[in-house]
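Please consult the sequence and the model alongside the text.

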Amino acid sequence: MSDEHTHTDEPSDAPRGKPITRRDFLQGLATVPVLGLFGYALYKQIGYEQAQQSAGMTAETKEAAGNEVNVALLGVGAQGKVLLDAMLKIPGLRFRAVCDIWTEYHQMWAVNLLSRYNFEVNGYEDYREMLAKEQDLDAVVIATPDFWHARHAVDCLEAGLNVYCEKEMSNTLESARSMVNAARRTGKLLQIGHQRRSHPRYLHSYHNLLQEADILGRIVTANAQWNRSVQPDNSWPERYTMPADRLRDYGFDSMHQFRNWRWYRGLGGGPIVDLGSHQIDIFNWFLEAQPTAVTASGGTYYYPRETHEWYDTVMAIYEYETARGRAQAYYQTQTTNGSQGYFENFMGVHGTLLISESEAGYKGSLFREATAPPWDEWVRRGYVSPPKVNLPQEEARAVLDVRESVSPDEHQIPIEFLEPYHKPHLENFFNTIRGTTQLNCPAEIGYETAVAVLKVNEAIEAGRRLTFTPSEFAV
Amino acid sequence: MESQKFTHLQMGALVVLRVLIGWHFLYEGIAKLLKPNWSAAGFLMQSKGAFAGLFHWIADTPGVLSVVNTLNIWGLIAIGLGLILGVFTRTASIAGMGLILLYYLCNPLMVGFFYSIPMEGSYLIVNKNLVEMAALFVITVTNSGRYAGIDRILHALVLSRRSARAVPADTAG
């Protein structure tokens with residue numbers, strides 16, 4: 001028999017006139033088992049994906065996913081887009097309306113995007129018109145400039161809607177208080193967008209590492225920073241410039257101001273509010289206290305003052321009176337160099353917790369002090385990873401000065417979070433609407449943080465240390 | 001008739017190539033089918049080059065988009081099954097080439113074009129899509145379904161039926 005197979009337009013083993021042979025059948029069906037293999041691999045893959053999904057969902061969220069929530073978006077600028085991107089990954093939401101005064105650009109973008117996801121959404125310029133016409137809404141997600149938050153949130157709450165409002169809660173404490181009161185009066189939900197409050201790594205750190213394991217011991221100092229590289233002003237396509245009267249109607253002097261409102265007094269609060277607010281909120285949460293005083297220094301050192309009324313560089317020191325004694329926390333935000341990014345760092349007598357929201361930067365390290373009790377139990381329970389012993393050759397070789405401490409062992413927080421950062425906080429809001437959980441950052445907490453953060457700008461202005469009274473944090 | 005000679009090893013290798021490409025198509029289709037809200041819109045919106053206008057129009061026209069999405073998903077699945085099982089192999093491989101050509105035209109790797117969709121690897125004009133398309137061309141012209149695949153049975157059935165009806169004299173090939 002020849003080693004060669006004569007391949008013509010017809011099978012060699014089934015010449016004309018001859019019946020189909022057994023060999024034709026066997027060879028004809030030779031690749032069918034591949035489908036079985038494919039099916040098995042697919043089955044395994046689906047099982048794996050489901051396990052991945054359910055790992056990130058509690059029993060309640062699974063049950064709640066069936067309950068559709070009707071949502072409107074109010075403000076679809078840069079932050080609105082971030083929230084929308086996260087919400088598109090949350091099951092059980094029905095988008096009904098989008099409101100943005102920049103109708104020809106941001107609003108159109110959001111309406112088009114949502115229609116591609118098969119949502120029929122109406123676009124509005126005026127939120128009051130939206131509230132009047134959209135009768136089926138359950139919730140509204142607000143991502144407008146800070147100075148609009150109070151009016152938007154209060155009116156939406158009064159209209160019977162549950163509100164997720166971006167931080168900073170407001171640019172003045174008076175209007176922030178009106179938001180807390182509106183939530184109480186209407187009995188509707190008001191979640192403030194300090195999204196770290198729902199982040200799995202922060203929840204693990206607070207509940208398991210700090211509360212249960214008390215792994216750091218007493219925290220005496222903390223520091224945090226957000227360093228950002230120089231950025232050009234936000235611009236806009238010339239042909240989409242809004243008419244001056246519309247800008248004026250909504251509180252903006254110019255298109256440049258509309259696109260860069262965060263830098264303007266009366267509209268935003270500058271980087272200390274935009275960035276610092278997230279992290280100062282973590283100081284208060286992890287130290288389980290409100291600050292008693294703040295000292296701060298800052299200014300507009302780099303950018304032109306005409307377009308950057310708020311400070312591009314701020315350094316602040318908070319004093320705390322915690323349940324375990326006094327503590328101090330340092331915060332800096334600067335916008336002229338992005339090196340070392342952003343993180344929060346808590347230093348207790350037994351160890352240090354270095355944490356950030358970012359998966360790219362400091363995603364959670366713990367350093368055990370050489371004098372601390374062993375962490376073996378927390379390693380065994382999976383609360384922290386086994387240590388990577390930091391005994392670099394340099395240190396082993398060098399003669400340690402008596403004033404130096406031995407480098408602590410480094411552990412990791414074994415929690416990776418690869419989804420959009422805002423997704424769990426939004427899920428927490430929607431699941432609270434469904435009645436399956438409670439808000440992680442209700443209006444009262446948002447208010448406390450606003451009190452602590454807005455005082456920094458005041459302290460810079462005043463040029464001296466300012467104190468807080470406990471009653472300041474209450475509404 | 002001129003007949004080409006292929007060893008069993010050569011034919012076997014072509015069958016393996018065919019099955020692997022089929023597997024890839026089938027899973028691309030099924031993965032999209034299983035993903036709720038999957039849509040080609042994002043991919044189409046990225047389109048650059050000569051045909052960008054057409055692809056953007058598809059992405060922006062909900063009715064057309066949903067037809068394109070359905071055709072794409074079920075096209076991928078049908079082509080995948082055809083290639084794995086070796087059934088209508090030639091049709092499946094030509095259709096597969098057409099589909100890949102569309103993907104390529106949507107985002108051609110022209111020199112100096114950059115996309116926000118991240119790509120692994122480094123490509124200069126030729127990417128894996130083009131390589132897969134060329135591999136499908138090999139499948140098309142060698143028609144390996146007639147060697148190992150359901151086409152072999154189909155073909156034999158057709159032939160045996162035809163010859164049963166034919167007059168005995170009609171045997172001159």
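Leaving aside its neighbours within four places in sequence, which residues is A:K423 in contact with?

## A:K423 and its contacts

The model described here is predicted. Beyond its neighbours within four places in sequence, A:K423 touches A:A86, A:K89 and A:I90. With A:I90, the separation along the sequence is 333 residues, while the C-alpha atoms lie 7.4 Å apart in space.

A:K423 belongs to helix α15 of chain A. Its relative accessibility is 8%, and A:K423 counts as buried because the cut-off for that class is under 20%.

## Parallel strands in chain A

Strand β3 of chain A, residues 93-99, is mostly covered, with five of its seven residues buried. Strand β2 of chain A, residues 69-74, pairs with β3(A) in the parallel sense, and six bridges link the two. Together with helix α4 of chain A (residues 78-87), β2(A) and β3(A) form a right-handed β-α-β unit.

β3(A) also pairs in the parallel sense with strand β4 of chain A (residues 122-124), here over three bridges. In β4(A), A:Y124 is the bridge partner of A:C99. Between β3(A) and β4(A) the chain passes through helix α5 of chain A, residues 103-116, in a β-α-β crossover that is right-handed.

Side chains of opposite charge can pair when their charged atoms come close. Over all chains, the model has 28 salt bridges. One of them joins the side chains of A:E357 and A:R196, with an N to O distance of 3.6 Å. A:E357 sits in the loop between β13 (351-355) and β14 (365-368) of chain A, and A:R196 in the loop between β7 (190-192) and α9 (200-212) of chain A, so the pair ties together parts that are 161 residues apart in sequence. A:E357 is buried at 4% relative accessibility, and A:R196 is buried at 1%.

A further salt bridge brings together the side chains of A:R326 and A:E319, at 3.2 Å from N to O. A:E319 has a relative accessibility of 8% and counts as buried.

## A salt-bridge network

A:K363 forms a salt bridge with A:E416, and the closest N and O atoms of the pair are 3.7 Å apart. A:K363 lies in the loop between β13 and β14 of chain A, whereas A:E416 lies in the loop between β15 (409-412) and α15 (423-433) of chain A, so the pair ties together parts that are 53 residues apart in sequence. A:K363 is partly exposed, at 31% relative accessible area, and A:E416 counts as exposed at 53%. Through salt bridges that share partners, A:R201, A:E359, A:K363 and A:E416 are joined into one network.

## Chain B in outline

Chain B contains seven helices and one strand. Along the sequence, these elements follow the pattern β-α-α-α-α-α-α-α. Of the 173 residues in chain B, 42% are buried.

Among contacts in chain B between residues at least 6 apart in sequence, 75% are between residues at least 24 apart.

Terms used: Residues numbered from 1 in each chain as written. Chains lettered and ligands numbered in written order. Predicted model: local features only at pLDDT ≥ 70, side-chain atom pairs only at ≥ 80, totals over all residues. Heavy atoms only, no water. Salt bridge = Lys/Arg side-chain N within 4 Å of Asp/Glu carboxyl O. Helix = DSSP H or I, 4+ residues; strand = E, 2+ residues; numbered from the N terminus. Buried < 20%, exposed > 50% of the residue type's maximum accessible area, 1.4 Å probe, protein only. Pairing = 2+ DSSP bridges. Right-handed = clockwise from strand over helix to strand, strands pointing away. Contact = heavy atoms within 4.5 Å.
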